Amino acid sequence: MSNDSTESSQGTDAQAPGERTAYVIVGGGLAAAKAVEGIRESDSTGSILLVAQEDRLPYERPPLSKGVLKGDDEPDSAFTHDRDWYDEQHVELRLGTAATALDAEKHALTLAGGGVVAYEKLLIATGSTPRALDVPGADLDGVLYLRELQESEALKARLTEGARVVLVGAGWIGLEVAAAARHHGCTVTIIEPQAAPLLGVMGEQVGGYFAELHRGHGVELRLGEGVERIEGEGSVTGVVTTSGDTVPADIVVVGVGITPNTGLAEGAGIETDNGIVTDPGLRTSAEGVWAAGDVANWRSTTLDTHVRVEHWANAQDGGLAAGRSMAGQDVTYDPIPFFFSDQYDIGLEYAGYVPRGTDAEVVLRGEPSSNEFMAFWVVPEGEGVRVLAGMHVNVWDTIDDVQRLVRDHAVVDPARLGDPDVPLGDLGKSTG
């Protein structure tokens, strides 16, 4: 598959005065590719221009820290569609081209190099950028991030038998990279300033399960420690923690969160707040502009709040919904947030949303040490508890029931919720 950028004779520089492209999509990820599908459901002929800063076809990101990094999948498996598909959908691709400015009033998008595209409708699907580690030595060779396909390929090439890998951050990226590195026979240390992995998402009890999972596979976890500096002359040799210890390292992978790429919207005066603010149809505050994927903070009618999540399902479903909305369909984007992860011999799925600051309790169904259990995040309500979110580990065919409990604002008996002998389908009642 070729990934070279292409410019058709109807490209931006050849746009006739007064001519507008029907749909412009800014972004090169899954949300952008799915938006094309959504548009073409209702509009088979409207012109589509896809502008992506990366010089590759739009691709999905989960394989980068899973199958591609482990070597189970080829890099090309991450591409959402091949080039022929875009040709068949009559999509003009501008790959390796950054969008530098947006004039929402004039419906004009400026590209790197000075080209200007006039549009009827525009989607911002610019995703997010990893937060940089701001310590001395962070610019040394061997300090890596994992967000783009080329970064996954570069990291995989370094994961050789006996390589000493230090992960900074015990979030999903850090844990998945740790599992892949152990798969390749690397020595792995995770440095995390909080008391448990995934503390902000899972809480200490479930986070502790992931700590033990990785310890059981030979990973050293240094919890409650941060990074003081990274040492080396030209290339990494070690990481000095805030406790003063030096952890030897050939590779340092930083996973300390991501920041939504809102610059294009902010420059155009579009409302932003933890992402680009949208309505349930993924429309922004600017007429003719939509947002989807990591960068969108959409209004959820079911959850009665704005939600921004950074997971595959949101890019897939949100991109499709945005494309449909742009093409004139009556769209209410209202999913229950969902994500999945694979680490060693466990697979998990999570559905729901626990707002930060919520004092949620955890109800366990099954024994975590068995690597087959469920966890539910609940808050007291009436004579029971309301389910905000749920997760299974190797308990398959349960996520639909979890999503139902969340969507229905189900109030349940916590004892029955935690009893594996009570079918999930028997639980829950609507409260309104």
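Q: What makes V385 a residue with a bridge partner in β26, and which residue is that partner?
A: The bridge partner of V385 in β26 is V412. The model is a predicted one, in which local features need pLDDT of at least 70, side-chain atom pairs count only at pLDDT 80 or more, and totals for chains, interfaces and linings use all residues. Residues are numbered from 1 along each chain as its sequence is written, and side-chain values use heavy atoms, with hydrogens and water left out.

Q: Why are β25 and strand β26 said to pair?
A: Strands (DSSP runs of E, at least two residues, numbered from the N terminus) pair if DSSP finds at least two bridges between them. β25 and β26 (residues 411–412) have two bridges, in the antiparallel sense, and therefore meet that definition.

Q: How do you know that strand β24 and β25 pair?
A: Nine bridges join β24 (residues 373–381) to β25, and the two run antiparallel, with V378 standing opposite V387; the requirement is at least two bridges, so the pair qualifies.

Q: Why is strand β25 called largely enclosed?
A: Buried means under 20% relative accessible area, whereas exposed means over 50% and partly exposed lies in between (1.4 Å probe, protein chains only). Nine of the 10 residues of β25 (residues 384–393) are buried, so the strand is largely enclosed by the rest of the structure.

Q: What makes W172 and M391 contacts of F210?
A: Contact means heavy atoms within 4.5 Å. Leaving aside neighbours within four places in sequence, F210 is in contact with residues including W172, L198 and M391.

Notes:
Helices (H or I, at least four residues) and strands (E, at least two) are DSSP runs, numbered from the N terminus.
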